[in-house]
Amino acid sequence: MPEGIKTMDEQVSELLALVKDGKQLMEAISDELDKKYLIDGKTMTEWREYFNVKLPEGITPVVLSEANAKLNNAISEAGFYFAHASLVEQCIKTGAENKFDDAFRLLVSSYTAKGTKLPASTTLEKMAEGNDLSIKSALATATTRARFWKSIAETLHEQRRVLEEQRWILFTEMKAAQG
């Protein structure tokens, strides 16, 4: 094989090494986020434990009723957090859009007042967008928070579906036992 050209096996090995490195980095970041990144005052690990609704082995009507009450409370709480996170996200988006619109208008006015030719629309947009990293970071954080709460709410709703299936199974078994 000519010098400088890698074999297929070498290319595959390099690619797998990159994937492995990326996986290790992702796992390290994930572990740190689980332990240190706070969402509404708790870490991901703490929220996972807080919203974990497990059914014990011996399922009875009382156990199902208690689990249902706990799950309904969790769904209500997660729903509130999701609604609040979505509101915050939308407020930041609206503020960022208003700031962009104001900056864009100011740029156009500035060029018009000077009597100079306006740059291309995309150039004006980039100039108006600027480098306000704090707003971009706030929006990214708000979006992450809203997605987190949406995921929690969806998971809890799925758990409710499983709980309802368990209730029907128990009901069917009790009916069959009565004969």
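A charge is taken to sit over a ring if NZ of Lys or CZ of Arg is within 6 Å of the ring centre and within 35 degrees of the ring normal. The legends below describe close-up views of a predicted model.

**View A. Lysine 42 over the rings of tryptophan 47 and tyrosine 50**. The charged end of lysine 42 is placed over the ring of tryptophan 47, at 4.8 Å from the centre of that ring. Lysine 42 also lies over the face of tyrosine 50, where the distance to the ring centre is 4.0 Å. Trp47 and Tyr50 both belong to a cluster linked by ring pairs, whose other members are Phe51, Phe80, Tyr81, Phe148 and Trp149.

**View B. Threonine 43 in strand S2**. Strand S2 covers residues 42–43 and includes threonine 43, a residue that counts as buried because its relative accessibility is 8%, under the limit of 20%. When residues up to four places away in sequence are set aside, threonine 43 touches Asp34, Lys35, Lys36, Tyr37 and Leu38.

**View C. The aromatic pair of phenylalanine 51 and tryptophan 149**. The model holds 11 aromatic pairs. In the pair formed by phenylalanine 51 and tryptophan 149, the ring centres are 5.8 Å apart and the planes stand at 85 degrees, so the arrangement is edge-to-face. This pair links distant parts of the chain, 98 residues apart, since phenylalanine 51 is in the loop between helix H2 (44–50) and helix H3 (61–114), whereas tryptophan 149 is in helix H5 (residues 133–178). Both partners are buried, phenylalanine 51 with a relative accessibility of 5% and tryptophan 149 with a relative accessible area of 0%.

**View D. The aromatic pair of tryptophan 168 and phenylalanine 171**. Tryptophan 168 and phenylalanine 171 form an edge-to-face pair, with 5.7 Å from centre to centre and 90 degrees between the planes. Both residues lie in helix H5, where they are three residues apart, about one turn of the helix. Tryptophan 168 is exposed, with a relative accessible area of 58%, while phenylalanine 171 counts as partly exposed at 42% relative accessibility.

**View E. The largest pocket, with about 280 Å³ of space**. The lining of this pocket is made up of 13 residues, of which Ala96, Phe100, Glu129, Ile135 and Lys136 are the closest to the pocket centre. At least two lining residues come from each of H3, helix H4 (121–129) and H5, and H3 supplies the largest share, with six residues. By class, the lining of the largest pocket consists of six nonpolar residues, one polar residue and six charged residues.

**View F. The second largest pocket, with a volume of about 160 Å³**. The residues that line the second largest pocket include Asp34, Met44, Trp47, Arg48, Phe51 and Asn52, together with Phe148, Ile152, Thr155, Leu156 and Gln159. H2 and H5 are the elements that give two or more residues to this lining, and H5 contributes the most, with five residues. The lining of the second largest pocket comprises six nonpolar, three polar and two charged residues. Among these lining residues are Trp47, Phe51 and Phe148, which are also members of the cluster linked by ring pairs. Asp34, likewise part of the lining of the second largest pocket, is one of the residues that threonine 43 touches.

Definitions and conventions. Residues are numbered from 1 along each chain as its sequence is written. This is a predicted model: local features need pLDDT of at least 70, side-chain atom pairs count only at pLDDT 80 or more; totals for chains, interfaces and linings use all residues. Side-chain values use heavy atoms; hydrogens and water are left out. Helices (H or I, at least four residues) and strands (E, at least two) are DSSP runs, numbered from the N terminus. Buried means under 20% relative accessible area, exposed over 50%, partly exposed in between (1.4 Å probe, protein chains only). Contact means heavy atoms within 4.5 Å. Rings of Phe, Tyr and Trp (its six-membered ring) pair if their centres lie within 6.5 Å; planes under 30 degrees apart count as stacked, over 60 as edge-to-face and the rest as tilted. On a 1 Å grid over the protein atoms alone, a cavity is a set of points where a 1.4 Å probe fits but cannot get out, and a pocket is an open set with protein on both sides within 12 Å along at least five of seven lines; lining residues have an atom within 4 Å of a point. Grid points are joined across faces, edges and corners, and a volume is the space filled by probe spheres set on the points. Ala, Val, Leu, Ile, Met, Phe, Trp, Tyr, Cys and Pro count as nonpolar, Asp, Glu, Lys and Arg as charged, and the others, Gly among them, as polar.
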